[in-house]
Amino acid sequence: QVFLVEYGGDSVQTGGSLRLSCKVQGDPWNYNYLGWFRQTSGKEREGVAAIGAPSGAEYYADSVKGRFTVYLDNTKHTVDLQMDYLNPEDSGMYYCVAGRIDYPWERWMNPGRWRSWGQGTQVSFSS
């Protein structure tokens with residue numbers, strides 16, 4: 001079993017930056033990818049980014065490419081999401097995920113493929 005705890009959610013302004021962090025605890029054999037999903041009220045969960053653990057292969061949603069970067073720290077057992085040039089469409093609850101993902105280039109954005117989910121951390125916008 002894998003336990004995930006997210007940190008770093010906050011209220012930000014358009015154009016700002018925020019870094020989310022996720023502490024990963026559990027047997028590494030239970031996952032080969034870590035990632036982030038987000039969900040806004042009334043919408044389905046959306047894959048944001050994923051990274052191979054430990055391969056380091058990265059995948060991003062088109063909506064965040066060039067603005068978000070996912071980082072893996074194998075020694076600290078953390079996966080971070082650096083978010084730059086934020087806009088109100090980036091608001092929502094952000095979830096850290098872990099799972100064994102085969103053919104990740106096709107499947108990583110499917111929430112049903114991820115076995116473990118954190119409780120989420122909220123990103124909101126202030127005027």
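Predicted model: local features only at pLDDT ≥ 70, side-chain atom pairs only at ≥ 80, totals over all residues.
## Disulfide

The structure contains one disulfide. Its partners are Cys-22 and Cys-96, with sulfur atoms 2.1 Å apart. A disulfide is a covalent bond between the sulfur atoms of two cysteines. The link of Cys-22 and Cys-96 is left-handed, with -85° about the S-S bond.

Distant parts of the chain are joined by this pair. Cys-22 belongs to strand 3 (residues 18–26) and Cys-96 to strand 9 (residues 92–99). The two cysteines are 74 residues apart. Both Cys-22 and Cys-96 are buried.

## Aromatic pairs

The count of aromatic pairs is six. One of them is formed by Tyr-33 and Tyr-59. Their ring centres are 6.1 Å apart, with 50° between the planes, and the pair is tilted. Tyr-33 sits in strand 4 (residues 33–39) and Tyr-59 in strand 6 (residues 58–60), so the contact ties together parts 26 residues apart in sequence. Tyr-33 has 8% relative accessibility and therefore counts as buried. Tyr-59 is buried too, because its relative accessible area is 18% and the cut-off for buried is under 20%.

Phe-37 and Trp-117 give another tilted pair. Here the ring centres are 5.1 Å apart and the planes stand at 55°. This pair also links distant parts of the chain: Phe-37 is in strand 4, Trp-117 is in strand 10 (residues 116–117), and they are 80 residues apart. Phe-37 is buried at 0% relative accessibility. Trp-117, with a relative accessible area of 23%, is partly exposed.

Ring pairs join Phe-37, Tyr-95, Trp-114 and Trp-117 into a cluster. Phe-37 brings strand 4 into this group, and Trp-117 brings strand 10.

## Largest pocket

Rolling a probe the size of a water molecule over the atoms shows where empty space is left. The largest pocket holds about 190 Å³ of space. Its lining consists of 13 residues. The closest to the pocket centre are Arg-38, Thr-40, Lys-43, Glu-46 and Glu-89.

What classes of residue make up the lining of the largest pocket? Seven are charged, five are polar and one is nonpolar.

Ile-101 is found in the loop between strand 9 and helix 1 (104–107). Strand 9 is also the element that carries Cys-96. With 2% relative accessibility, Ile-101 counts as buried.

Phe-68 is placed in strand 7 (residues 68–73). A relative accessible area of 3% makes Phe-68 buried. Phe-68 and Asn-110 are 42 residues apart along the chain, and their C-alpha atoms are separated by 19 Å.

Key: Residues numbered from 1 in each chain as written. Heavy atoms only, no water. Disulfide = S-S within 2.5 Å. Helix = DSSP H or I, 4+ residues; strand = E, 2+ residues; numbered from the N terminus. Buried < 20%, exposed > 50% of the residue type's maximum accessible area, 1.4 Å probe, protein only. 1 Å grid on protein atoms, 1.4 Å probe; cavity = no way out; pocket = protein on both sides within 12 Å on 5 of 7 lines; lining within 4 Å. Points joined across faces, edges and corners; volume = space filled by probe spheres on them. Nonpolar A, V, L, I, M, F, W, Y, C, P; charged D, E, K, R; others polar. Phe/Tyr/Trp six-rings, centres within 6.5 Å; stacked < 30°, edge-to-face > 60°.
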